[in-house]
Amino acid sequence: MYHERTQDLMPEDRDKLHVLCPFEGELGQIRELQSEVAKLRAESAENQKSQKSRLSMLIANALIDLARMIAKRYKSELMDDPSTTRLQQFAANIDDAQLQQMGIPKKFWSSLRKLDKYITIRNQQAHETSEAFAQLLLHEQFKEGHVFELWKDIFPLLYGAQVEEIAARKEEEDDKMLLGFP
């Protein structure tokens with residue numbers, strides 16, 4: 001095909017080597033497969049973001065359970081008032097000897113003592129939905145349609161930033177929490 005076009009366009013040019021591509025018809029299929037792989041990768045990345053957010057909430061819940069377990073073991077007055085505020089105070093003030101005596105691995109001590117930060121982030125996730133909303137709107141399923149176009153302009157109005165910026169904040173917060181730096 002290329003050879004024929006070249007000959008038609010430049011008949012005086014020297015003869016060209018005519019090369020046939022045996023899989024030329026399959027190039028379209030290969031491109032379609034590449035496009036599907038790219039879509040699957042994007043979906044996978046979105047699912048990972050969602051899972052990070054859920055995991056950070058579950059980590060906070062596990063730390064709350066750990067603090068309750070310790071308080072119960074030491075028959076703390078906290079058991080009379082098990083509010084998360086009292087639990088945060090208890091966790092911040094528990095000493096190394098108590099943690100060691102209970103067999104709590106040292107790697108959890110710092111996170112336990114920062115329970116207040118974990119609870120704050122967990123509570124924000126439960127009540128402040130702007131980041132989750134932004135991430136969902138940016139999902140391929142909604143971004144290409146009218147849902148995104150309808151709701152994207154509410155972000156600057158309510159939150160003072162574009163939807164992409166709000167979604168990025170959520171990812172940064174989740175990364176910090178998963179690494180134990182709330």
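A residue is called buried under 20% relative accessible area, exposed over 50%, and partly exposed in between, with a 1.4 Å probe and protein chains only. The model is a predicted one, in which local features need pLDDT of at least 70 and side-chain atom pairs count only at pLDDT 80 or more, whereas totals for chains, interfaces and linings use all residues. Residues are numbered from 1 along each chain as its sequence is written, and side-chain values use heavy atoms, with hydrogens and water left out.

Rings of Phe, Tyr and Trp (for Trp, its six-membered ring) are paired if their centres lie within 6.5 Å, and a pair is stacked when the planes are under 30 degrees apart, edge-to-face when they are over 60, and tilted for the rest. Under this rule there are three aromatic pairs. F133 and W151 form an edge-to-face pair, at 6.4 Å centre to centre and with 65° between the planes. This pair links distant parts of the chain, 18 residues apart, since F133 belongs to helix α7 (residues 130-137) and W151 to helix α9 (residues 146-151); helices are DSSP runs of H or I with at least four residues, numbered from the N terminus. F133 is partly exposed because its relative accessibility is 30%, and W151 is likewise partly exposed, with a relative accessible area of 38%.

F133 also pairs with F155, and here the ring centres are 5.0 Å apart with the planes at 40°, so the pair counts as tilted. Distant parts of the chain are again linked, F133 in helix α7 and F155 in helix α10 (residues 154-159) being 22 residues apart. F155 is buried, because its relative accessible area is 0%. Taken together, ring pairs join F133, W151, F155 and Y159 into a cluster.

L150 lies in helix α9 and counts as exposed because its relative accessibility is 52%.

Returning to helix α7, the buried residues there include S130, E131, A134, Q135 and L137. They lie on the same side of α7, because they cover an arc of only 165° around the axis.

Methods:
Helices (H or I, at least four residues) and strands (E, at least two) are DSSP runs, numbered from the N terminus. The arc is that of the directions from the helix axis to the C-beta atoms.
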